[in-house]
Amino acid sequence: YGSTRPERILAEVKSKATRGDARSVVDTIDQYCRHQEWAMNVGDEKGTILDSIVCEVKPRAMLELGTYCGYSAVRIASLLPPNSRLITMEFNPVFAAIARQVIAWAGVEDKVVLIEGPSGDWIPKMKKEFGLTSFDLVFLDHWKDCYLPDTKLMEECGLLRTGSILVADNVICPGAPDYLEYVRGSPRYESKYFRSHLEYTRVEDGIEKSVFLG
Ligand SMILES: O=c1[nH]cnc2c(O)cc(-c3ccc(F)cc3)cc12
Ligand SMILES: [Mg+2]
C-alpha cells in the first residue's frame, strides 16, 4: 500500500528531527520538501516574513486557517509569548492526523489547539467554544476561494477588532484575486504586499498583510 505525502513528511520528522525541538522540525521539513518532494508548506522564505510579523504582533490569540502537516503551526508556536494560544483549523482529517503528530513531536502541543472541520462551520462557533473576544493575528493558508468569504464571516462574527492583522499566503500563486481586491480596496483595511516566492521554487508568490481598522 502506498503512503501519502503527509505520512512521508511525518516519517522524515520522526527519523531526522530532534524530539521537542521545534526549529529542527521546521528545518527537517524544509530540507525534505526542497530536496526530496515538494509540499505546500509556507516554507523557509515566506516563513521568515511570517516570523517577523508574529514577533512584531506578539499575539495572545492567533488563528491559522489551513494546518496541512503542521509546519507553520510549529513555526508560529515556537515564537509565541507564554500563555498565548494558536488555534489551527484543518478540514482534511488525513492532514489533521499527521499535523497532530508533527506538533507533538515538536513539543508545542501546549500552545496549539488543532480543530478539524470546515472553516465556515467553525468560525461562527469560535467565540463561544474558546471563550475569546477576538484574534490579534490570523494566518490564511487554507483554500484561496475561502479567503474572502471567511474574512467576511470573521468580520460578521466579531472575531476582528481594530488592529487585528490578517496575513494571507499564496496571494499570487495559486492566487486569491477577489481577496486581494477586497483588502486593498476596502477603507476598513490597510494592506501591504510582501513579495517572495512559492515555497521551495523560484516562482513568484507573496504574502499580504492587512490591518483591520474596525
Ligand atoms: O491549497 C493550498 N493551500 C495552502 N497553501 C498552498 C500553497 O502554499 C501552495 C499551493 C500550490 C501552489 C502551486 C501549485 F502548483 C500547487 C499548489 C497550494 C496551497
Ligand atoms: Mg500556502
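Colleague: What does Pro149 count as, in terms of relative accessibility?

Modeller: Pro149 counts as partly exposed because its relative accessibility is 42%, which lies between the cut-offs for buried (under 20% relative accessible area) and exposed (over 50%), taken with a 1.4 Å probe and protein chains only. This is a predicted model, in which local features need pLDDT of at least 70 and side-chain atom pairs count only at pLDDT 80 or more, while totals for chains, interfaces and linings use all residues. Residues are numbered from 1 along each chain as its sequence is written, chains are lettered from A and ligands numbered from 1 in the order in which they are written, and side-chain values use heavy atoms, with hydrogens and water left out.

Colleague: Which helix is Pro149 found in, and which residues of that helix are buried?

Modeller: Pro149 is found in α8, where helices are DSSP runs of H or I with at least four residues, strands are runs of E with at least two, and both are numbered from the N terminus. Buried in α8 are Tyr147, Leu148, Asp150, Thr151, Leu153, Met154 and Glu155. After the helix comes Gly158, with a positive phi near 70°. As for Pro149 itself, its C-alpha atom is separated by 8.5 Å from that of Tyr179, 30 residues apart along the chain.

Colleague: Where does Leu132 sit, and what does it touch?

Modeller: Leu132 belongs to the loop between α7 (126–130) and β4 (135–140), and because its relative accessible area is 15%, it is buried. Leaving aside residues up to four places away in sequence, Leu132 touches Ile87, Met126, Lys127 and Leu159, a contact being heavy atoms within 4.5 Å.

Colleague: Switching to pockets, how much space lies in the largest one?

Modeller: The largest pocket has about 510 Å³ of space, and 24 residues line it, with Met40, Gly66, Asp141, His142 and Trp143 nearest its centre. Two or more lining residues come from each of β2 (85–90), α8 (144–156) and α9 (171–175), and α8 gives the most, with three. On a 1 Å grid over the protein atoms alone, a pocket is an open set of points with protein on both sides within 12 Å along at least five of seven lines, a cavity is a set where a 1.4 Å probe fits but cannot get out, and lining residues have an atom within 4 Å of a point. Points are joined across faces, edges and corners, and a volume is the space filled by probe spheres set on them.

Colleague: How many cavities of 30 Å³ or more are there, and which residues line the largest?

Modeller: There is one cavity of 30 Å³ or more; the volume of the largest cavity is about 50 Å³, and its lining includes Met40, Gly66, Tyr68, Cys69 and Asp141.

Colleague: And the overall fold, what do helices, strands and burial come to?

Modeller: The protein has 10 helices and seven strands, and 54% of its 214 residues count as buried. Its C-alpha trace spans about 50 × 40 × 35 Å along the principal axes. Among contacts with a separation of 6 or more, 72% are accounted for by residues 24 or more positions apart.
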